[in-house]
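Let's walk through this model together, starting with its open space and moving on to its packing and a few individual residues. Keep the viewer at hand as you read.

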Amino acid sequence: MTTATTTATIVPMRAEHADQVLAIYQLGIDGGDATFQESAPDWAEFDAGKLPEHRFVALDGATGTVLGWVAASPTSKRAVYRGVVETSVYVHPDAAGRGVGRALLTAQIASTEAAGVWTIQAGVFPENTGSLALHAALGFRTIGTRERVGRHHGRWRDVILLERRSPTVD
């Protein structure tokens, strides 16, 4: 699947994108409102934890550099949950506000629905208002808040749980 936006082309994530994907991940971590992770994993760990058919990068049309990425992880090994995945979407700060996140998540929604996934879920810090707005715009709904679920840089953090139920996968 290749999808073009006004700023980027969405293509499947491959090993050749690893350094840029992990650098963008680290920028999100360093920003403080993306994840409980303290540092980006190495490529082998990242690659092993993400579903290859549901991960994409946004490439700048002029330079070919990675502007952002989206990846899905299984939520459980149990067969009953085979149609439920958890998403992560990260955009380079320099590309924020250009529709990159929307294009990435839209591509992932299409790929998951084509594969029979009926639910995409996400956990977002309440302070990450851009991510919350993006997910809401693409049909995710808030299902609850896990209050003080973990400590992050010495303080308790809440996580808002979001989900998108496919209107086409039964």
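The largest pocket has a volume of about 1,100 Å³. Here a pocket is an open set of points on a 1 Å grid over the protein atoms alone, where a 1.4 Å probe fits and protein lies on both sides within 12 Å along at least five of seven lines; lining residues have an atom within 4 Å of a point. The volume is the space filled by probe spheres set on the points, which are joined across faces, edges and corners. This is a predicted model, in which local features need pLDDT of at least 70 and side-chain atom pairs count only at pLDDT 80 or more, while totals for chains, interfaces and linings use all residues. Residues are numbered from 1 along each chain as its sequence is written, and side-chain values use heavy atoms, leaving out hydrogens and water.

Lining the largest pocket are 43 residues, and A34, V89, Y90, N128 and S131 lie nearest its centre. Two or more lining residues come from each of α1, β5, α3, β6, α4, β7 (141-152) and β8; helices (H or I, at least four residues) and strands (E, at least two) are DSSP runs, numbered from the N terminus. Strand β5 contributes the most to this lining, with six residues.

Now for the packing. The largest nonpolar core contains 27 residues, with I10, A58, L104 and L162 making the most contacts inside it. Such a core is a set of buried Ala, Val, Leu, Ile, Met, Phe, Trp, Tyr and Cys residues joined through side-chain atoms within 4.5 Å, where buried means under 20% relative accessible area, exposed over 50% and partly exposed in between (1.4 Å probe, protein chains only). At least two core residues come from each of several elements, including β2 (8-12), β3 (56-60) and α3 (100-114). Helix α3 gives the most, with six residues. A second, separate core of 16 residues includes V11, A18, V57 and A71.

Which loop holds S39? S39 sits between α1 (18-31) and α2 (43-49), and it counts as partly exposed because its relative accessibility is 40%. Beyond its neighbours within four places in sequence, S39 is in contact (heavy atoms within 4.5 Å) with Q26 and I29.

Finally, a look at the backbone. Most residues other than glycine have a negative phi. R148, in strand β7, has a positive phi near 45°. H153, in the loop between β7 and β8, also has a positive phi, of about 50°, and its 58% relative accessibility makes it exposed.
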